[in-house]
Amino acid sequence: MTIPLSEPNLGPLESKLVMEALESGFVSSVGAAVTRFELEFAERVGSRHAIACSNGTAALHVALRLVGVEHGDDVLCADFTFAGSANPIAYLGANAVFIDSEWDTWNLDPELVVAEIERRAAAGERQPAAVEVVHVLGQPAQMESIVDVCVRFGIPIVEDAAESLGAGWSTGRFAGRHTGSVGAIGCFSFNGNKIATTGGGGMLVTDDDELAARARHLTTQAKVPGVGYLHDEVGYNYRLTNLAAALGNAQLSRIDEFVASKHRIAAAYDDAFGALPVTLPPRKAGYDSTYWLYSILVADEAERDRLLEHLQKSGVGARALWRPLHVQPAYAGSRAVGSGIGTALFERGVSLPSSTHLTRSDQATVIDAVRAFFS
Ligand SMILES: *Cc1c(COP(=O)(O)O)cnc(C)c1O
């Protein structure tokens, strides 16, 4: 038996709420569970509005369209992230310009964002239609100077907070804020491997009443209320089902428990690996990561492959980090700026089992296997 990388944590409350939704007869895209999920989610992340979507990628698609991204536009986006961050840019016929990571948070480098926008201003080039900030692995990105330069040039920010439910900032300018609530729109995912799941689902959050109304409209086929099937633009069938939202309500009510588990797991790994020749995940003061997937860096790609093989033989479900998007065949020909930190994270990174219900004995097995590799 292999210890899984990240498994959903489902208990009796999940069964109860899903059964209630089933018995109510409201299984599709309208119902009390969806309404409750949106209200409680908005409250949890500190946004005025939350609109439930069929998945995180769909939420990003709608978000980028709502901030005005059109065919032929550029969108600055993190290079070191899951493909779901950038695919919605391509859906809109826009071009992703990939921004490299920085070492403090592994997220997109604010200095590169500022430099790219200022370079365009100086050269008289068109500015990007949006900047998409991604908070990878539950780690909040450094947003101060990104927010400043975007305000200065009137560029909207969309946050991909798919992996960072429960994360935020505790000091500094965004103290008390949750990831996803800083930009014009934030997007979350409830895929099965995320910290909270609805089976498949997503959420779009915003403080802007008009964006919220437009998001609700676009996710429901842009059908104008009333009789006569009037559609005033091309919409999407992107609403979350009531059945899925019922699962989400159970998960959301346990989010503090899940975040605490992730912290406990990360602290135990940090303790165990402190003396090994590995780089631990970012711990930046005032940045409250959830350590969604606890990931370490080893010396190089060859060592990473040997470690992954060793862990697999030891029954530990570990995984490499993402291949940066600018080298993906899907994004061949895209522009990228940076010096290759994302590539280094990919070549050297290994994610370790991080399920919120990982047992102490399973974690000890993981720790022993990693230690044995380096001994
Ligand atoms: C999971 C994920 C997405 C996509 O979310 P889905 O719900 O799977 O569509 C987007 N961006 C990042 C960073 C993710 O991890």
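Modeller: Met203 touches Phe37, Glu38, Phe41, Ala50, Ile51, Ala52, Cys53, Ala59, Gly186, Cys187, Phe188 and Phe190, not counting residues up to four places away in sequence. Touching, or contact, means heavy atoms within 4.5 Å. This is a predicted model, in which local features need pLDDT of at least 70 and side-chain atom pairs count only at pLDDT 80 or more, while totals for chains, interfaces and linings use all residues. Residues are numbered from 1 along each chain as its sequence is written, and side-chain values use heavy atoms, with hydrogens and water left out.

Met203 in strand E8 is the bridge partner of Phe188. Helices (H or I, at least four residues) and strands (E, at least two) are DSSP runs numbered from the N terminus. Strands E7 and E8 run antiparallel and are joined by four bridges; two strands pair if DSSP finds at least two bridges between them.

Five of the five residues of E7 are buried, so the rest of the structure largely encloses this strand. Buried means under 20% relative accessible area, exposed means over 50%, and partly exposed lies in between (1.4 Å probe, protein chains only). Ile185, Cys187 and Ser189 point one way from E7, while Gly186 and Phe188 point the other way. In a regular strand the side chains alternate between the two faces of the sheet. E7 also pairs with E5, in the parallel sense and over three bridges; there, Glu159 has Gly186 of E7 as its bridge partner.

The next step out is the nonpolar core, a set of buried Ala, Val, Leu, Ile, Met, Phe, Trp, Tyr and Cys residues joined through side-chain atoms within 4.5 Å. The largest one has 63 residues, of which Phe41, Val113, Val131, Met143, Leu165, Phe188 and Met203 touch the most other members. Helix H2 (residues 32-45) gives the most to this core, with six residues. Another core, of 33 residues, lies apart from it and has Val62, Val67, Ile185 and Leu218 among its members. In soluble globular proteins, nonpolar side chains tend to be buried together.

Now the sheet. Eight strands form an open sheet with mixed pairing, in the order E1-E8-E7-E5-E4-E2-E3-E14. E1 (49-53) and E14 (335-337) are at the edges with a single partner strand each, so one side of each has no neighbour in the sheet. From one strand to the next, the twist averages 20 degrees. Helix H3 (residues 56-66) packs on the sheet and touches E1, E2, E4 (130-134), E5 (157-160), E7 (185-189) and E8 (202-206), and its direction makes about 170 degrees with that of E7. The axes are lines fitted to C-alpha atoms, for helices over the stretch in contact, and angles run from 0 to 180 degrees between N-to-C directions.

E1 pairs with E8 in the antiparallel sense over five bridges, and Cys53 stands opposite Gly202 in E8. Four of the five residues of E1 are buried. Further along the sheet, E2 (residues 74-78) and E3 (residues 95-99) run parallel and are joined by five bridges, with Phe98 in E3 as the bridge partner of Cys77.

Arg120 is placed in helix H5 (residues 110-123). Arg120 counts as buried because its relative accessibility is 2%. Leaving aside neighbours within four places in sequence, Arg120 is in contact with Asp74, Leu76, Val97, Glu125, Arg126, Gln127, Pro128 and Arg335.

An oxygen atom of the ligand lies 2.5 Å from an N or O atom in the side chain of Glu163. For Gly56, a polar backbone atom is 2.7 Å from an oxygen atom of the ligand, and for Lys194 a polar side-chain atom is 3.1 Å from an oxygen atom of the ligand. A polar contact is a pair of N or O atoms within 3.5 Å; within protein, one must be able to donate a hydrogen and the other to accept it, and residues adjacent in sequence count only if both atoms are side-chain atoms.
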